[in-house]
Amino acid sequence: MFESLFYILIFPGVLFVSVFGLAAEVMDRKIYARLQNRVGPPWFQTVADFIKLLGKEDIVPIDANPRMFRIAPLFALTSAVTVFLYIPLWGAQSLFSFNGDIIMVLYLLTVPTLAFFVGGWYSTSLFARIGSVRAVTQLFAYEVPLFMSILASALLANTWSMKEIASFYTQHPYYCFFNIIGFAVALVSLLGKLEKVPFDIPEAETEIVAGIFTEYSGRLLGILRLTIDIEMVVGSALLAAVFFPVGMTLAPVIGFLLFIVKVLIIVAIMALLRTVVARLRIDQMIDFCWKYMVPMAVCQLLMNLVLKGILFR
Amino acid sequence: MREEEKFKIPIGPQHPALKEPENFSLALKGEKIMGVEIRLGYNHRGIEKAAEARTYVQDVYLLERVCGICSHAHSTCFVQAVEEIAGAQVPKRALYIRTLIAELERIHSHLLWLGVAGHEIGFDTLLMYTWRDREIVMDILALLTGNRVNYGINTLGGVRRDINKEEIETINNGVDILEERTKYYIEVATQETTIIKRLSGVGILSREDALELDAVGPTARASGVKRDIRHDDPYAAYAEIDFNVITDDHSDVYGRTVVRVKELMEAYKIVRQCLKDMPDGPITVKVPRKIPVGEAISRYEAPRGEDVHFVKSNGTEYPERVKVRAPTLANLRAVKHMLKDRFLADMPIVVAAIDPCFSCTDRLISVENNGSRDKQFLTWEALRNYSIEWHRDKGIDFTELNKNFRKRLGSI
């Protein structure tokens with residue numbers, strides 16, 4: 001009982017993942033800033049912002065549905081944190097593991113986007129509504145390649161469980177390189193999920209103010225921001241666990257540190273990507289996803305099917 | 001389509017895409033823009049009226065503050081009109097210095113624009129880079145005139161500050177660095193895929209439309225209209241300077257970007273020529289305080305397009321009438337045309353592509369009484385009394401303060 005509570009609330013649950021998320025955001029912003037010739041924020045900036053937001057007043061628009069408006073951020077936060085419990089951090093073993101957990105993780109990662117949609121829609125602001133519609137439109141574009149590329153890796157390992165994937169790739173570390181196309185596709189799709197440039201269309205500042213988050217303030221905004229940070233580390237952790245589950249047999253502490261490094265490297269690559277591109281339009285984004293990313297993901301799937309036939313006859 | 005099926009979204013007066021208050025009311029169907037309504041008048045400052053109450057010399061500084069970015073454009077334009085009425089022969093050296101400052105201003109304005117355009121399409125890296133390099137030209141301007149904006153270098157009959165050898169060297173070095181960087185930006189703006197995707201085919205304004213809607217400046221030149229006052233009706237020292245009028249036939253936002261970055265290269269060329277050919281001599285002639293009766297129109301190619309000033313004098317120290325037509329006003333009609341049938345996501349960059357300066361453009365608002373057509377105009381005195389009454393209602397009363405202030409002024 002107490003052990004489970006410790007897992008859920010402290011490590012690797014809410015507390016750890018929040019701190020990790022906030023730290024990753026600092027790193028992301030710092031890299032982004034340095035690449036742009038700026039100084040960037042100090043190390044405590046995101047924590048300070050979060051604490052400041054917690055101390056501010058929540059304002060709910062008169063026309064908004066207060067219950068939905070308040071519940072959506074919590075819903076998003078909960079599902080994002082839950083994902084982390086199912087990702088193997090070290091020793092090829094996550095806390096709660098069962099056959100098929102990878103599917104559940106992918107669906108749990110979709111929940112925040114839907115919760116954002118609900119929150120934005122019920123805040124009844126014009127900008128928030130346009131942002132909500134854009135978020136869902138975008139969801140249909142990046143979700144398919146993301147799922148296909150992640151499942152391609154699972155296909156090669158012949159399992160639906162993250163634990164088994166980890167142990168498979170630990171046995172055959174070089175097989176990771178077969179999934180490189182899938183990794184690229186998943187990384188770009190993750191940018192869409194996290195609503196970062198070039199896919200920050202739902203919150204395009206110069207068009208629709210803050211999109212979904214336009215009407216949010218105070219604690220609720222703090223929770224939303226934290227959710228996005230957690231999504232960032234959780235998404236990166238999922239990619240690290242699925243595509244590079246190497247070094248899982250090392251001692252717990254070293255294995256865990258290696259895992260953190262892997263996640264931070266993925267965060268850094270995403271920061272680099274968003275430095276060098278402009279924001280796309282929603283129609284261009286959908287075109288891009290279906291014209292290039294989906295065929296690439298299908299290629300990866302086919303390749304893994306063929307490889308499976310050759311390697312494990 | 002019925003009216004209520006459209007989704008009306010207000011962009012502005014307060015909106016992150018706009019740096020100044022202005023209202024664009026967009027009727028949307030999905031992401032598509034079905035109609036645009038533009039409302040001016042959120043930032044009207046009554047400068048034309050204020051100019052009538054000041055002397056010509058004071059007006060030079062007042063009109064410089066019409067625009068924060070092309071401030072030299074407005075002050076030069078005004079000074080030229082007054083000099084024409086007074087018949088003053090401005091010394092050559094002063095004309096060259098005016099040209100030099102004008103081109104440095106163009107460089108800073110175009111670099112600023114490039115950054116803003118990058119920001120509007122979500123490419124903040126370009127914003128950070130160009131604005132970093134813009135500091136170089138801002139420093140040069142501060143060195144030459146003492147100010148980063150609102151240079152205050154013009155005066156009736158010439159310029160107020162001369163320029164020396166060391167300054168020339170600093171400018172040359174700065175321009176060399178900027179030229180190098182600009183080459184890189186040309187490469188980025190014309191080759192980076194996402195930028196091209198967002199810019200090309202957006203905000204199309206054909207040559208015929210540009211002529212019909214009276215577009216000016218880079219907006220017109222990007223549609224293939226060779227219209228540049230520096231070339232068509234040379235002022236200052238432009239008649240003696242060799243430069244190309246940059247045009248482009250893309251007719252879209254991409255074309256406007258290309259025109260502006262290429263104009264940067266031309267501006268470096270002009271700056272170098274100015275420094276090389278600058279004649280010696282005085283920098284100012286005396287212009288009488290009282291300007292004889294007359295009127296004049298002066299044209300000037302500001303970074304944003306043609307700027308027109310009209311000045312009418314009545315033989316006293318004060319002008320009878322000053323009229324300013326800032327370039328943005330000429331381009332606003334084109335914006336409405338360019339936004340038709342585009343996407344909401346294109347709106348910020350299409351508006352930004354004319355390099356708008358709304359406070360320069362703002363006109364008098366006429367208040368319509370509850371939708372009825374009889375308009376209400378107030379005289380100056382009535383407006384003043386109305387303001388005093390309004391503040392008194394809110395509990396703010398300056399009558400006592402004013403009396404005390406007067407008394408104290410009297411005792412000094």
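Residues are numbered from 1 along each chain as its sequence is written, while chains are lettered from A and ligands numbered from 1 in the order in which they are written. Because the model is predicted, local features need pLDDT of at least 70 and side-chain atom pairs count only at pLDDT 80 or more, whereas totals for chains, interfaces and linings use all residues.

**Stop 1**

Select chain A and colour by secondary structure. Chain A has 12 helices and 0 strands; here helices (H or I, at least four residues) and strands (E, at least two) are DSSP runs, numbered from the N terminus. The radius of gyration of chain A is 19 Å, close to the 20 Å that the globule rule gives for 313 residues, so chain A is as compact as a globular protein of that length. That radius is taken over C-alpha atoms, and the globule rule is 2.2 Å times the number of residues to the power 0.38. The C-alpha trace of chain A spans about 65 × 50 × 40 Å along its principal axes.

Of the 313 residues in chain A, 49% are buried. A residue is buried if 20 or more other C-beta atoms lie within 10 Å of its own, exposed if 12 or fewer, and partly exposed in between, with C-beta atoms placed from the backbone. Two residues are in contact if their C-beta atoms, placed from the backbone, lie within 7 Å. Among the contacts in chain A with a separation of 6 or more, 81% are between residues 24 or more positions apart.

**Stop 2: helix H4 of chain A**

Select residues 66-85 of chain A. This is helix H4, with 20 residues, and from first C-alpha to last it reaches 30 Å, close to the 28 Å expected at 1.5 Å a residue. The expected span is 1.5 Å times one less than the number of residues.

Where does H4(A) have a kink? Go to Ala72(A), shortly before the proline Pro73(A): the kink there is about 25 degrees. The bend at a residue is the angle between axes fitted to the seven residues ending there and the seven starting there.

Now show the side chains. The buried residues of H4(A) include Phe69(A), Ala72(A), Pro73(A), Ala76(A) and Leu77(A). Further along the list come Val81(A), Phe84(A) and Leu85(A), among others.

**Stop 3: Thr124 of chain A**

Move to the loop between H5 and helix H6 (126-157) of chain A, where Thr124(A) is placed. Phi of Thr124(A) is near 60 degrees, a positive value in a residue other than glycine. Most residues other than glycine have a negative phi. Thr124(A) is partly exposed, with 15 other C-beta atoms within 10 Å.

**Stop 4: where the chains meet**

Show both chains. Here 22 residues of chain A are in contact with 24 residues of chain B. On the chain A side, helix H9 (205-208) and helix H12 (282-311) are the elements that give two or more residues. H9(A) gives the most, with 3 residues. By class, this side of chain A has 11 nonpolar, 5 polar and 6 charged residues. Ala, Val, Leu, Ile, Met, Phe, Trp, Tyr, Cys and Pro count as nonpolar, Asp, Glu, Lys and Arg as charged, and the others, Gly among them, as polar.

**Stop 5**

Chain B has 16 helices and 10 strands. Its radius of gyration is 23 Å, close to the 22 Å that the globule rule gives for 412 residues, so chain B is as compact as a globular protein of that length. The C-alpha atoms of chain B fill a box of roughly 70 × 65 × 35 Å, taken along the principal axes. Buried residues make up 44% of chain B.

Colour domain 1 (47-324) and domain 2 (369-411) of chain B separately; these bounds come from an automatic or database domain assignment. Their C-alpha centres lie 39 Å apart.

**Stop 6**

Start with Ala50(B), in helix H1 (residues 47-52) of chain B. Ala50(B) counts as partly exposed, with 14 C-beta neighbours inside 10 Å.

Next, select Val159(B), in strand E5 (residues 158-159) of chain B. Is Val159(B) buried or exposed? Val159(B) is buried, with 27 other C-beta atoms within 10 Å. Leaving out residues up to four places away in sequence, Val159(B) touches Ala94(B), Ile97(B), Arg98(B), Ile153(B), Asn154(B), Ile283(B) and Thr284(B).

End at Ala236(B), in the loop between helix H10 (229-232) and helix H11 (253-277) of chain B. Ala236(B) has a positive phi of about 40 degrees although it is not a glycine. Ala236(B) is buried, with 23 other C-beta atoms within 10 Å.
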